[in-house]
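Welcome! Let's take a short walk through this structure together, stopping at a few helices and a few single residues.

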Amino acid sequence: MLRIDAIEAGYSAVPVLRGVTLEIEPKEVLVLLGRNGVGKTTLMRVLMGLVPPSAGRITLDGTDLTRAAPYRVARHGIGYVPQGRGIFPKLTVRENLTIGSRARADGRSEIPDRVFEFFPILKERLRQLGGTLSGGQQQMLAIGRALCGEPKVLLLDEPSEGIQPDIVHQIGHIVRRLAADTDLAVLLVEQNLDLGLGAATRCVIMEKGTIVREGRPDEFQDEEVLREYLAI
């Protein structure tokens, strides 16, 4: 579904991504692991059209999105939940979700039923301002808003950040269900190994802007692997 071929990108004269190649299929949760500063968030921003790549190609279902504007990327089927959630705190839950629906290619503004199936708390809080929700509820709202665009691919950047442990576990379970119960493909960047490995169907490790290891989640439970690639 989503193919990333030899992507290179950076900021000004500073290279960050160095020939990143990945494929993500429907119903898959691909977890991207790595130390801070290796380029994980930059890759997300490149995929969303927020940072232009200097080389390489990005295609979704055969459509070239390499240098497409973010609104075009969204309408072709990529949803993005940035680090820090990025909700609109002074808008209601309903308004946040409705804004998410503007990414739909068919122009419809209805909130999909599956948003409330996965996040029933949002249906209870439709009139509440987004900024008054708990951290966990705000993360659910951010994911729900992305789902309102009916994406084919969902990019999740550090969804566990600033959230209590019981909600982290719940979000990990929901991410796995989202992929299993629909045709959604998920690219998840996560520092919380319990969430990441628990949700993953496949894992990759990035180091200095390059993918250096790929495998099943159980392969990344090995202490030597964790020490080599993820220890500070």
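In what kind of crossing, left-handed or right-handed, does helix 6 pass helix 7? The crossing is right-handed, a term for a near helix turned clockwise from the far one by less than a right angle, anticlockwise being left-handed.

## Before we start

This is a predicted model, in which local features need pLDDT of at least 70 and side-chain atom pairs count only at pLDDT 80 or more, while totals for chains, interfaces and linings use all residues. Residues are numbered from 1 along each chain as its sequence is written, and side-chain values use heavy atoms, leaving out hydrogens and water.

Helices (H or I, at least four residues) and strands (E, at least two) are DSSP runs, numbered from the N terminus.

## Helix 6 beside helix 7

Two packed helices are described by the angle and the distance between their axes. Here, the axes of helix 6 and helix 7 (residues 165–181) come within 10 Å and cross at roughly 15 degrees. That makes helix 6 roughly parallel to helix 7, as angles under 35 degrees count as roughly parallel. The axes are lines fitted to C-alpha atoms over the stretch in contact, with angles from 0 to 180 degrees between N-to-C directions.

Which residues meet here? From helix 6 come Gly136, Gln139, Met140, Ile143 and Leu147, and from helix 7 come Ile167, Gln170, Ile171 and Leu178; contact means heavy atoms within 4.5 Å. By class, this contact has six nonpolar, three polar and no charged residues.

Helix 6 also holds Gln137, which is buried at 17% relative accessibility. Buried means under 20% relative accessible area, exposed over 50%, and partly exposed in between (1.4 Å probe, protein chains only). Leaving aside residues up to four places away in sequence, Gln137 touches Ile121, Leu122 and Arg125.

## The buried side of helix 3

Now look at helix 3 (residues 93–100), where Val93, Asn96, Leu97 and Gly100 are buried. They cover an arc of only 95 degrees around the axis, so they sit on the same side of helix 3; the arc is that of the directions from the helix axis to the C-beta atoms. These buried residues pack against helix 4 (113–118), helix 5 (120–124) and helix 6 (135–147).

Ala6, in strand 1 (residues 2–11), has a positive phi of about 50 degrees although it is not a glycine. With 37% relative accessibility, Ala6 counts as partly exposed.

Glu150 also has a positive phi of about 50 degrees without being a glycine. Its place is the loop between helix 6 and strand 7 (153–157), and Glu150 is partly exposed, at 36% relative accessible area.

How values were computed:
Parallel < 35°, antiparallel > 145°, perpendicular 65-115°, else oblique. Nonpolar A, V, L, I, M, F, W, Y, C, P; charged D, E, K, R; others polar.
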